Amino acid sequence: MQRDGKPGSLPGTPAHSRPDVSADTWAVTAGRRAEWTQNREGTGGIVNPPVWRASTILYPSIADMDAAGRAADDTLFYGRKGTPTAWALRDALNGLEPGSAGTLLFPSGVAALAVAILSAVGPGDHLLIPDSAYDPTTSFCFGFLKRMGVVAEAYDPLIGAGIAGLFRPETRLLILESPGSLTFEVQDVPAMAAAARAAGIATLLDNSWAASLLFKGIAAGCDMVMQAVTKYVGGHSDLLMGSVSAVPGHFEKLRATAAQLGQCVSADDAALALRGFRTLPLRMERSGRSALEIAHWLKGHRLVHRVLHPAFEDCPGHALWKRDFSGAAGLFGVVLDRGSRADAPAFFDGLSHFGMGFSWGGYESLAIPTSPERLRTVSRFEAPGMTLRLSIGLEDPADLIADLSAALDRLETLT
Ligand SMILES: Cc1ncc(COP(=O)(O)O)c(C=O)c1O
């Protein structure tokens, strides 16, 4: 806010900061606008936007109260509209998706997906969802939305521009997720988004793996790009949050739907996520590099059938990853050539550096057994043995390799 208490930018501060700087510099400078860091009258201000907790905002007059109701998004009005802590995070995330009209925050990644989908479809509409989508996204489309009269249809994630063949007159939304959950196929997002746009169909990309750092969804032609902030941006396994960035036209619909559904996040969580944001490129670079080293080691192991990692040539869509992504995240899958889900305790229970738990993208490494074949309906996933997913954190990769080596030895003795 300005000195007079009225919202707005201080002289010299752009109304909407944009990262005309590298990602590393944006991570450090984003969201630190003068009016959010109390940088007034040449004091220099504080480094981090503080935690502004609020439900009620007080007004000096009815005229001020009425004006606040009509004011811009980053204006104090009522707690659900946020305070400078959340606006700073929104601004920071928005800067990762050039071309976006704005970014909104949600209490989880699943909430972000649900609201984005609801902003685009209604009764009688048809939507398309990849067969490799995150399981709760699929459940929402085939469960909740079915009750609302929306028809969801799964498609082969590798269909590419051929997606146009599945468009119907009533198709309103194409959902994309690249790489796919658990199986890591890379989609031809630019070609699919172009086909949808030409047909007047909205697109929603789950960009959580790339964290909008390694792949730019809006620039690739998508209308809405979400990420589970819980993962790499949060980065410390202590918060849940989601975000959606959207192009003009879609942003307004998204904002209206989110407001009607009462979506908001706490200032404390926003501050935590903003802290994670500062080291996002650094952490992603390190876990991506360690993950590649570990994936290469696994590929050479006698018990490993396949590594499901976009940087490997045998990963479906590898050429698209090379063309479209600027790097790889630290999350990938492994297919063993023996063992089944029933043998999982032998492998997992004795792990000492890998934690066993859901989620990914934190500073600590995680491992879970997976069953992607059970989720497929229109494309097949076949594995001769046990499948697992690894989220590589910031530990020494040599320690993680030793942990995996011992786990594979235990499995070998058993099977
Ligand atoms: C690809 C993907 N999208 C969305 C989500 C949902 O995020 P959240 O756990 O914050 O609801 C997840 C969570 O694992 C995910 O893996």
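Two strands count as paired if DSSP finds at least two bridges between them. I kept this criterion at hand while going through the model, which is a predicted one.

**Entry 1: the antiparallel sheet**

I began with strand 9 (residues 331-336) and strand 11 (residues 387-391), which are antiparallel and joined by five bridges. Within this pair, I found L331 opposite S391 of strand 11. I then looked up the sheet to which these strands belong. It is an open sheet of four strands in the order 8-9-11-10, and the pairing is antiparallel. At its edges I noted strand 8 (304-308) and strand 10 (366-370), each of which pairs on one side only. On average, neighbouring strands of this sheet are turned by 25° against each other, direction ignored.

**Entry 2: strand 4 and its partners**

I next asked which strands pair with strand 4, and in what sense. Strand 2 (residues 126-130) is joined to strand 4 by three bridges, and the two run parallel. In this pairing, H126 stands opposite T171 of strand 4. Strand 5 (residues 202-206) is also parallel to strand 4, with five bridges between them. Here I identified A202 of strand 5 as the bridge partner of L173. I followed the chain from strand 4 through helix 6 (residues 189-198) to strand 5 and recorded a right-handed β-α-β crossover.

Buried means under 20% relative accessible area.

I examined the loop between strand 4 and helix 6, where P179 lies. The peptide bond between S178 and P179 is cis, with omega at about -5°. F184 is found in this loop as well. Its phi is near 65°, which is a positive value in a residue other than glycine. I noted both items since most residues other than glycine have a negative phi, and most peptide bonds are trans. F184 has a relative accessibility of 1% and therefore counts as buried.

A211 lies in the loop between strand 5 and strand 6 (224-228). The relative accessible area of A211 is 0%, so this residue is buried.

**Entry 3: the ligand**

Which residues are closest to the ligand? I found 15 residues surrounding the ligand, and the closest are G109, V110, D206, T230 and K231. Helix 4 (residues 109-118) gives the most to this shell, with three residues.

- G109 places a backbone N or O atom 2.8 Å from an oxygen atom of the ligand.
- T230 has a polar side-chain atom 2.5 Å from an oxygen atom of the ligand.
- K231 has a polar side-chain atom 2.8 Å from an oxygen atom of the ligand.

On its own the ligand has 390 Å² of accessible area, and the protein covers 91% of it.

Notes: Residues numbered from 1 in each chain as written. Predicted model: local features only at pLDDT ≥ 70, side-chain atom pairs only at ≥ 80, totals over all residues. Heavy atoms only, no water. Axes fitted to C-alpha atoms, helices over the stretch in contact; angles between N-to-C directions. Right-handed = clockwise from strand over helix to strand, strands pointing away. Near = heavy atom within 4 Å. Polar contact = N/O pair within 3.5 Å; in protein donor to acceptor, adjacent residues only side chain to side chain. Areas by Shrake-Rupley, 256 points an atom, 1.4 Å probe, with all protein chains shown as cover. Buried < 20%, exposed > 50% of the residue type's maximum accessible area, 1.4 Å probe, protein only.
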